Amino acid sequence: MVFKLTGNLATENTVASRTLCLNVKTGNWSDEIKRIFEISNVSFPPIFRAGEKLGMVTGKVASLFDNECVVTIAGHDHMCGASGIELKDDELLDSTGTTEAIMALTISPDTTLEAQRMGITNGIYTDGKHNTRFSVIPSAGSTIAWFMKVFRIDESKLHKLLKRAQDAYDHHEIFESQVLVIPHFKGSGAPNKSSLSKGLIYGLTTETSLEELIFGLFLGLTCEYYIMYSTIFEKNKYHKIKVIGPATQDNLWLQLKADLFGMEVDNIAVDQAVSQGAYSVATGNYLQNDTVRYIPTDDNAKKSYLLDVMLKKYQKIYHNKVKCNF
């Protein structure tokens, strides 16, 4: 797009980080990768920091733009979203959608064999100073969409069921339920990434209600996210999770995250967080967003149910699935 608009060849740090051809330690294209793939004669474009001026619009379309219109690359989607909400070093990004991504800023990349085994992705951040530590759960919004399709639940009914499930959770009425969903509907994420792993619903009886299934689904997604976080991130380093994307509409999901992780969860209420982040990167202007904060519960009964019963149960099922490779 930059080439078509300006005639200049260029890319940007976060986009280059996704090519597998960048040396994330040096910020330069990797000669080793070129040798491995026998493409040493190929020239990759110069790499710029996100938001840098890459040229003016030229050619036939130039008349459609203001004379002062500058072309820039804002960056990869999750990184743009993180930039728009001004992610800090001690905060985690929870970027939700069809998949669910977790990201943090670091001072150096982790290129150890263990990091590779777990499927951790390293990159250079939009500011050109930080690195990013990133991983993703392949089944999040897609699992919710499957659930809604199979049980013929539209958006209105889903939110009613979520409200009833949250009321049952708040009043301890859900605590008899043992329903858990292992959301490997499109494979599993870190720390045991496998496209062959399958989803699982545990704890069904003839008395199981839709509210229990809904609660088990969102708790399962939260447990999966917790396993990824607790395995590949330093647990005591972070004090807040910032959430962007469709999950910002699901109060139960956000409260379960706060309660299970034991940290504040900020619901960043913006429809297009990535586009807003791209604007912020390109202009240096940061918009104020409405934020709803979810505080970890001080209800010991909830803590016991989540941590001593459901998370332990989830971890046992998860690790046995991994061991048996199914």
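This is a predicted model: local features need pLDDT of at least 70, side-chain atom pairs count only at pLDDT 80 or more; totals for chains, interfaces and linings use all residues.
Side-chain values rest on heavy atoms, with hydrogens and water left out.

**Aromatic pairs**

Across the whole structure, a search finds 16 aromatic pairs, where rings of Phe, Tyr and Trp (its six-membered ring) pair if their centres lie within 6.5 Å, planes under 30 degrees apart counting as stacked, over 60 as edge-to-face and the rest as tilted. The pair of Phe218 and Trp253 is edge-to-face, because the ring centres are 5.3 Å apart and the planes stand at 70 degrees. This pair links distant parts of the chain, with Phe218 in helix H8 (residues 210-232) and Trp253 in helix H9 (residues 251-261), 35 residues apart; helices (H or I, at least four residues) and strands (E, at least two) are DSSP runs, numbered from the N terminus. Both Phe218 and Trp253 are buried, a word that means under 20% relative accessible area, whereas exposed means over 50% and partly exposed in between (1.4 Å probe, protein chains only).

The rings of Tyr314 and Tyr318 have centres 6.5 Å apart and planes at 20 degrees, so this pair is stacked. Tyr314 and Tyr318 are four residues apart in helix H11 (residues 300-324), which means that about one helical turn separates them. Tyr314 is buried, with a relative accessible area of 0%, and Tyr318 is buried with a relative accessible area of 0%. Elsewhere, ring pairs join Tyr225, Tyr226, Tyr229, Phe233, Tyr238 and Phe261 into a cluster.

**Charged side chains**

Side chains of opposite charge can pair when their charged atoms come close. The whole structure holds 11 salt bridges according to the search, each being a side-chain nitrogen of Lys or Arg within 4 Å of a carboxyl oxygen of Asp or Glu. Three of them are set out in the table, including two that involve Lys257.

| Salt bridge | Closest N and O atoms |
|---|---|
| Asp94 and Lys257 | 3.2 Å |
| Lys257 and Glu100 | 3.0 Å |
| Lys240 and Asp266 | 3.3 Å |

The bridge between Lys240 and Asp266 links strand E13 (residues 240-244) with strand E14 (residues 264-269), the two residues being 26 residues apart. Lys240 counts as buried at 10% relative accessibility, and Asp266 is buried at 3%. A network of salt bridges links Lys240, Glu264, Asp266 and Arg293.

**Helix H6**

In helix H6 (residues 141-150), Ser142, Thr143, Ile144, Phe147 and Met148 are buried. The buried residues of H6 pack against helix H7 (155-170), H8 and H9, contact meaning heavy atoms within 4.5 Å. Just after H6, Arg152 takes a positive phi of about 55 degrees.

Methods
Residues are numbered from 1 along each chain as its sequence is written.
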